[in-house]
Amino acid sequence: MNDCCYGEKLIAAGTAIAFQLAQECRPEDLELLSDLFNVIGEQLALLANTKAIYKLRCDSSRTMLPEQSQGPS
């Protein structure tokens, strides 16, 4: 998949899914689905951020370790 258009394709897919759900569901159900998807989105963002922070901490702790000396050459 072309990386430069990946975001646009996700937006188009999300829009198509939303339109399909809107045609098939009652307004009350759509509101509930909206709330559910908001919670899922927030949790995914939180998990992505914590994974990124953990990775940064692990990477920085590796670079902060004293390098082993090779001894005299």
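Mentor: Start with K55 and D59: they are four residues apart in helix α2, so about one helical turn separates them. Their side chains meet in a salt bridge, 2.9 Å from N to O. That term means a side-chain nitrogen of Lys or Arg within 4 Å of a carboxyl oxygen of Asp or Glu.

Trainee: Is K55 buried or exposed?
Mentor: K55 is exposed, at 52% relative accessibility. D59 is partly exposed, at 28%. Buried is under 20% relative accessible area, exposed is over 50%, and partly exposed is in between (1.4 Å probe, protein chains only).

Trainee: How many salt bridges does the count come to?
Mentor: Three. R26, E28 and D29 are linked in a network. R26 pairs with E28 at 3.8 Å between the closest N and O atoms, and with D29 at 3.2 Å.

Trainee: What kind of model is this?
Mentor: A predicted one: local features need pLDDT of at least 70, side-chain atom pairs need 80 or more, and totals for chains, interfaces and linings use all residues. Residues are numbered from 1 along each chain as its sequence is written, and side-chain values use heavy atoms, leaving out hydrogens and water.

Trainee: New topic. How many helices and strands does the chain have?
Mentor: Two helices and zero strands. These are DSSP runs numbered from the N terminus: helices are H or I with at least four residues, strands E with at least two. Helix α2 covers residues 27–64.

Trainee: And how much of the chain is buried?
Mentor: Buried residues make up 1% of the 73.
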